[in-house]
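Please look over the model first.

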Amino acid sequence: MKLVFATNNPHKLRELQQLLGDKIQLLSLTDIGCDEEVPENQETLEGNAAEKAFFIFEKFGFNCFADDTGLEVEALNGEPGVYSARYAGEDKNAEANMGKVLDQLNGKENRKARFRTVISLVIDGEETQFEGIVDGKILEEKQGEAGFGYDPVFQPDGFSESFAEMEAGQKNRISHRGRAVEKLIAYLKNLNKSI
């Protein structure tokens, strides 16, 4: 079975291929000759993930999955959410995005937040979605150098470190994306038995 993962990130692709084993061959956007911007015009993570997956399925004819992730801060009514990557502007600057969240929370007691990933899998035109959530809080200031995005200001519940202070393996085991991917892999392995 061939499946396109709508990403240009070789690390993500390799990691998922290892988890899926050799019965499912993962293809990247480059592998299928997709060099255009995959659209993300929806107002929800679910909508964006679905839009990306259906775009590949309809335009290239491959079964596909795509993901979208957002940071949802309780005191900010769930913002930045679907706009997490461009919260402080269209240039998708992680430092500016973190700065904006910290500014918005200045003086606020409630710092509860969660990371949420939604994966949309489209097989033969039928969609299934998988969700992964990790709850935590926004720190008063950045801590750690690893990771990307909001990792230096997000501390998951039950841990004393930010995501940016954790080793990659530890973060992946408990992360929102990791949890969504686990559900996807279980579904694909089950599906593969019936193929």
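Glu-95 forms a salt bridge with Lys-142, with the closest N and O atoms 2.5 Å apart; a salt bridge is a side-chain nitrogen of Lys or Arg within 4 Å of a carboxyl oxygen of Asp or Glu. The pair links distant parts of the chain, 47 residues apart: Glu-95 is in helix H3 (residues 94-105), and Lys-142 is in the loop between strand S6 (126-138) and strand S7 (154-156). The model is predicted, so local features need pLDDT of at least 70 and side-chain atom pairs pLDDT 80 or more, while totals for chains, interfaces and linings use all residues. Residues are numbered from 1 along each chain as its sequence is written, and side-chain values use heavy atoms, without hydrogens and water.

**Salt bridges**
- By this rule the count comes to 10 salt bridges.
- Glu-36 and Lys-59 meet through their side chains at 2.9 Å, N to O.
- Glu-36 lies in the loop between strand S2 (25-27) and helix H2 (45-60), and Lys-59 lies in helix H2, so this pair ties together parts 23 residues apart in sequence.
- Helices (H or I, at least four residues) and strands (E, at least two) are DSSP runs, numbered from the N terminus.
- Arg-116 and Glu-46 form a salt bridge of 2.7 Å, N to O.
- That pair spans 70 residues, from strand S5 (residues 112-123) to helix H2.
- Arg-116 counts as buried, at 9% relative accessibility; buried means under 20% relative accessible area, exposed over 50%, partly exposed in between (1.4 Å probe, protein chains only).
- Glu-46 is partly exposed at 25%.

- Asp-68 is found in strand S3 (residues 64-73).
- Asp-68 is buried yet has no salt bridge; Lys-52, the nearest side chain of opposite charge, is 4.3 Å away. Here Lys and Arg count as positive, Asp and Glu as negative, and His and the chain ends are not counted.
- Contacts of Asp-68 beyond four places in sequence include Glu-40, Lys-52 and Arg-116, where contact means heavy atoms within 4.5 Å.

**Cysteines**
- The structure holds 0 disulfides, a disulfide being a pair of cysteine sulfur atoms within 2.5 Å.
- Cys-34 is in none; its nearest cysteine sulfur, that of Cys-64, is 9.2 Å away.
- Cys-34 counts as buried at 4% relative accessibility, and Cys-64 counts as buried at 0%.

**Helix H1**
- Leu-13, Leu-16 and Leu-20 are buried in H1 (residues 10-20).
- They cover an arc of only 75° around the axis, which puts them on the same side of H1; the arc is that of the directions from the helix axis to the C-beta atoms.
- The face turned away from the buried side carries the exposed residues His-11 and Gln-18.
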